[in-house]
Amino acid sequence: MGDYDEDTAFLGQTGPYFWTTFFLLNTVFVSTGFNGLYIVFVGAAPKHHCLIPDINLTEEWRNAIIPFTIVDGEEVQSQCSRYKLDVVRNLSAEGYIPGRDVNLTNLQQEKCLDGWTYSKENYKSNIVTEWDLVCDNQWKVPFASSSLFVGYLVGSLISGQLSDRFGRKKVIFISLGAQCVSVMLQSFSHSWIMFCIMFLFVGASQISIYISAFVLGTEVLSKTMRVLFTSLGAFLFYCIGYMTLPWIAYGIREWRTLLAVLSATSVVYIPLWWFITESPRWLITQGRIKEAEAIVREAARKNKVEAPPVIFKESETMSPSRTYTMLDILRSKNIRCITLMCLLLWMAINIGYFGLSLNTSNLSGNPFMNCFLSATTEVPAYVVSTWLLKKCPRRVLLSSFLIIGGGVLLFIQFIPDTLQYVALTLEMTGKFGFTMAFSIVYIYTAEIYPTVLRNVGMGMCSSAARIGSITAPYVIYLGTYNKVLPYILMGSLTIASSVVNFFLPETFNKDLPETVEQMQECQRLCSGTKKKKYVENGRSVNPPIQPEIKSDVSSLTL
């Protein structure tokens with residue numbers, strides 16, 4: 001295979017075709033922002049206490065039947081116990097006054113045998129209030145959140161294989177349909193188990209959309225547009241959906257209706273099938289050269305440039321491409337080393353990013369505004385990362401923001417409880433650092449892997465990330481035992497991953513590798529790796545030098 005960027009250089013770096021593809025693919029990411037974090041509202045636990053049945057109690061005893069407990073130095077009503085109902089009923093019938101005639105601390109307590117009463121201040125209903133996912137069943141909420149990320153894990157593994165076999169475009173639109181159906185069915189869940197099962201399908205379809213659309217944009221767009229798409233474009237449009245979610249949830253306080261509305265948004269993407277093209281790079285790897293040339297010639301027509309008589313050289317069509325799988329990543333020591341480090345990197349970043357994102361419902365203040373502020377924090381991170389990606393090496397840039405994000409989280413434990421706003425500011429600063437790292441690691445990884453393994457490699461890295469995100473709800477859950485534990489864990493993992501990142505190869509201003517051989521040639525990770533030899537016309541020769549064409553990203557003005 002030849003150099004795709006060199007063969008299609010006549011298209012230019014910008015133009016109507018590139019801008020149209022850029023915006024159409026980015027609109028797909030809005031749906032992932034809608035459906036990615038609605039568990040923040042659907043699974044939020046409102047204020048609650050034991051339900052007091054309609055029995056004959058005096059007003060004094062009805063107000064006193066819920067005991068008080070100390071939580072974080074503050075006296076609040078117990079959420080999981082009440083004074084024994086039979087005892088309270090007898091004392092009330094005999095005319096005793098609580099606190100005057102009876103010492104409440106000596107009364108027996110019992111669990112909420114009749115259920116709970118929930119505050120309607122923020123939510124009319126959600127899965128917590130409908131299925132009483134509190135107290136002994138409180139663990140079911142982080143489990144439900146983890147089921148989404150388990151779906152991410154499954155989708156990452158499957159989508160990479162399907163996309164490399166059947167094409168990026170088909171997988172994108174099939175996944176959009178699957179996401180629409182899964183969210184709609186989830187809104188009809190009759191039990192917590194059904195909710196979790198459907199959440200798994202939501203996660204699998206959603207990550208398939210994200211990875212396939214991300215890879216398609218990486219392969220179709222020019223070098224200049226590629227950096228804009230993989231940094232500011234994809235993540236900013238995701239953030240638009242993320243920022244819009246709390247306002248939709250604010251207007252729709254009933255969880256079933258909320259999910260039905262979010263499901264319906266996927267319908268608007270149906271017309272995009274006729275405007276988004278398949279990846280010419282992928283078509284070439286499948287030996288479908290005529291289809292690839294047809295797409296490139298149509299792009300030339302839209303960009304108002306003249307295409308050469310022969311776009312792709314004969315060497316590109318000599319042999320049909322075989323299908324690559326995850327086993328191909330294991331065959332090379334160099335790729336194994338790179339992949340292992342990428343897996344660790346993605347895992348740590350996702351624990352921090354999703355941990356802080358899911359923690360917004362635990363912050364003081366309005367949960368809808370907290371979620372909006374958390375999403376808003378990501379906007380400057382995406383803008384800054386886009387500007388820095390055009391000027392800075394990926395390796396140093398990523399490690400720097402990992403150190404910032406992890407260091408801030410480690411510092412939070414030293415902030416006294418009286419300075420809650422300082423701690424909140426530091427947490428948002430940590431979210432900024434993780435968002436920067438999250439946006440950088442996507443383009444960094446996409447640039448490391450060759451075209452024939454890019455979707456598989458991205459899928460494997462995303463799968464490792466899901467192992468981290470699956471644990472993220474439980475990392476936050478550790479805060480119920482000690483509020484600084486989540487920050488210590490996330491901060492330590494992030495600092496460690498920043499060290500690992502320094503051993504990855506640099507991709508700044510390098511051409512995207514097309515084949516496994518080109519990837520192994522341009523990386524210098526494992527010092528023990530021998531220089532690869534190529535066989536040409538029956539004799540051993542040195543590998544061809546891949547030309548480095550400097551990306552003209554600095555000419556793009558945002």
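## How α16 and α18 cross

The residues that touch are Ser374, Thr377, Glu378, Pro380, Ala381, Tyr382, Val384, Ser385, Leu388 and Leu389 on α16, meeting Met428, Lys431, Phe432, Thr435, Met436, Ser439, Ile440 and Ile443 on α18; contact here means heavy atoms within 4.5 Å. Sorted by type, that contact has 11 nonpolar, 5 polar and 2 charged residues (nonpolar is Ala, Val, Leu, Ile, Met, Phe, Trp, Tyr, Cys and Pro; charged is Asp, Glu, Lys and Arg; the others, Gly among them, are polar).

As for the geometry, α16 covers residues 367-389 and α18 covers residues 420-448, and they pack at about 45° with axes 8 Å apart. That makes the two helices oblique to each other (under 35 degrees would be roughly parallel, over 145 roughly antiparallel, 65 to 115 roughly perpendicular, and the rest is oblique).

## What sort of model this is

This is a predicted model, where local features need pLDDT of at least 70, side-chain atom pairs count only at pLDDT 80 or more, and totals for chains, interfaces and linings use all residues. Residues are numbered from 1 along each chain as its sequence is written, and side-chain values use heavy atoms, with hydrogens and water left out.

## The chain as a whole

The chain has 21 helices and 8 strands (DSSP runs numbered from the N terminus: H or I of at least four residues for helices, E of at least two for strands). Of its 558 residues, 55% are buried (under 20% relative accessible area with a 1.4 Å probe, protein chains only; exposed is over 50%, partly exposed in between). Among contacts with a separation of 6 or more, 82% join residues 24 or more positions apart.

## Aromatic rings

There are 31 aromatic pairs (Phe, Tyr or Trp rings, using the six-membered ring of Trp, with centres within 6.5 Å; planes under 30 degrees apart are stacked, over 60 edge-to-face, the rest tilted). One of them is Trp19 with Phe22, edge-to-face at 5.6 Å centre to centre and 80° between the planes. These two sit 3 residues apart in helix α2 (residues 16-36), so about one helical turn separates them. Trp19 is partly exposed at 30% relative accessible area, while Phe22 is buried at 5%.

Phe149 and Tyr152 are also edge-to-face, at 5.4 Å and 75°. They too are 3 residues apart, in helix α7 (residues 140-166), and therefore about one helical turn apart. Both Phe149 and Tyr152 are buried.

Trp19 and Phe22 also belong to an aromatic cluster with Phe23, Phe29, Tyr210, Phe214, Phe229, Tyr238 and Tyr242.

Methods
Axes are lines fitted to C-alpha atoms, for helices over the stretch in contact, and angles run from 0 to 180 degrees between N-to-C directions.
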